[in-house]
Amino acid sequence: MKPLEKLVRPNILKLKPYSSARDEYKGKVANVFLDANENPFNNPFGRYPDPLQWQLKERIAEIKSVNVDQIFLGNGSDEAIDVLFRIFCCPGTDNVVAIEPTYGMYSVCADTNDIEYRPVLLNDDFQPDTEALFKAIDNNTKLLFLCSPNNPTGNDLNRETVENIIANFDGIVVVDEAYIDFSDNKTMLEQLESYPNVVVLQTFSKAWGMAGIRLGMAFASPEIISYMNKVKYPYNVNILTQTAALEHLADYDKITKWIDTLLEERTKLMERFSKLAICEKIYPSNANFFLAKVTDAVKIYNYLVDNGIIVRNRSHISLCGNSLRITIGTPEENNTLIESLTNMPQL
């Protein structure tokens, strides 16, 4: 990769970050807080949260087998994505490259930050076309996004292909692993030391069952993480979120049980769905959802909505014509879906 100083925007290199009251006394033990103009009568909510979420990061580091200084926490993974744009991409000049189809927030963040977005179509097996990816890259390409398992296709990207892309791109490769807990593939976290230009995204929203608290994780070299902490808002993760996450992770065994149950349900639901008259093809899945090509996606989607069942119509997405994306629910929810589709009037 290029030296990090050559990738970071010049204004970010010069940026002096905001210094919060809670940053300035770190390393000391304190009992009286008269530094941040807080209301002292409503503990703990009257106090600002830890701006760098150290206690929560220590627990995550233990679970993920990484160092605390390799972790960034944000308001969902979307904050981490946006922060990376603001660190590395100069508006109106730089560009990013991503596989297509994939998670839609990459392009939204690019548009928001006035960065050219260059999607590169996957092949018929939903795998990256390496030659086409590198043709899209030029000297102003700062970020490259790879989502694995990918959304909305559900499949893992070939690990050898991913590592080849990382090794031959001199910018920052963002590997989005939001669904990694449902995959047989190993996480890229194990290779952070080998690839200093990689940022791995994970989340509390999927396997960890906490979409409602909006907490995303980014893992990278301490140098990249330090820039992310420099650019983020001072108190970006509130005290309610930090507390809920710590309480949730105190019993990690329940999360592994949820994952096992969802994997069992995925197998059952995909098999049952494949036997429906409306189903033309089910694509392999390594996530907690699957993509299915159906006879008439629009009519089936509208029928399900009328019956109080919400799936995702992905027909307008590249390579996903006439397809529905279906999340694995509880056994009861999955039964309701199949029963409703079995009883659906002929289209």
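Colleague: What volume does the largest pocket have, and which residues lie closest to its centre?
Modeller: About 620 Å³ of space lies in the largest pocket. On a 1 Å grid over the protein atoms alone, a pocket is an open set of points with protein on both sides within 12 Å along at least five of seven lines, and lining residues have an atom within 4 Å of a point. A volume is the space filled by probe spheres set on points joined across faces, edges and corners. Of the 29 lining residues, the closest to the centre are Tyr103, Asn151, Tyr179, Lys206 and Arg325.

Colleague: How far can I trust side-chain detail here, and how are residues numbered?
Modeller: This is a predicted model: local features need pLDDT of at least 70, side-chain atom pairs count only at pLDDT 80 or more, and totals for chains, interfaces and linings use all residues. Residues are numbered from 1 along each chain as its sequence is written, and side-chain values use heavy atoms, with hydrogens and water left out.

Colleague: Which elements give two or more residues to the lining of the largest pocket?
Modeller: By class, that lining has twelve nonpolar, nine polar and eight charged residues. Here Ala, Val, Leu, Ile, Met, Phe, Trp, Tyr, Cys and Pro count as nonpolar, Asp, Glu, Lys and Arg as charged, and the others, Gly among them, as polar. Helices (H or I, at least four residues) and strands (E, at least two) are DSSP runs, numbered from the N terminus. The elements are α5 (76–88), α6 (105–112), β3 (116–121) and β11 (323–327).

Colleague: Which element gives the most to the lining of the second largest pocket?
Modeller: That pocket has a volume of about 500 Å³. It has 18 lining residues, with Arg22, Tyr25, Pro49, Asp50 and Pro51 nearest its centre. At least two lining residues each come from α3 (21–24), α4 (54–64) and α10 (239–249). With four residues, the top contributor is α10.

Colleague: How many charged residues line the largest cavity?
Modeller: A cavity is a set of grid points where a 1.4 Å probe fits but cannot get out. The whole structure has one cavity of 30 Å³ or more, and about 70 Å³ of space lies in the largest. Its lining includes Arg159, Val175, Glu177 and Lys186. By class, five lining residues are nonpolar, two are polar, and the charged ones number three.

Colleague: Val175 lines that cavity. Which residue stands opposite Val175 in β6?
Modeller: Strands pair if DSSP finds at least two bridges between them. Strand β5 (residues 172–176) runs parallel to β6, with four bridges. Opposite Val175 stands Val200.

Colleague: Are the residues of β6 mostly covered or uncovered?
Modeller: Buried means under 20% relative accessible area, exposed over 50%, partly exposed in between (1.4 Å probe, protein chains only). Val198, Val200 and Gln202 point one way, Val199, Leu201 and Thr203 the other, and all are buried. In a regular strand the side chains alternate between the two faces of the sheet. With six of six residues buried, β6 (residues 198–203) is mostly covered.

Colleague: What stands opposite Gln202 in β7?
Modeller: β6 and β7 (residues 216–219) pair antiparallel over four bridges. The residue facing Gln202 is Met217.

Colleague: Which strands stand at the edges of the open sheet of four strands?
Modeller: The order is β8-β9-β11-β10, with antiparallel pairing. Each edge strand has a single partner, so one side of each is left without a neighbour in the sheet. The edge strands are β8 (279–282) and β10 (312–313).

Colleague: Are Glu38 and Arg47 buried or exposed?
Modeller: Their side chains meet in a salt bridge at 2.6 Å, N to O. A salt bridge is a side-chain nitrogen of Lys or Arg within 4 Å of a carboxyl oxygen of Asp or Glu. The search finds nine in the whole structure. Glu38 and Arg47 are both buried.

Colleague: Why does Lys275 count as exposed?
Modeller: Lys275 forms a salt bridge with Glu271, with closest N and O atoms 3.7 Å apart. Glu271 counts as partly exposed because its relative accessibility is 45%. Lys275 counts as exposed because its relative accessibility is 64%.
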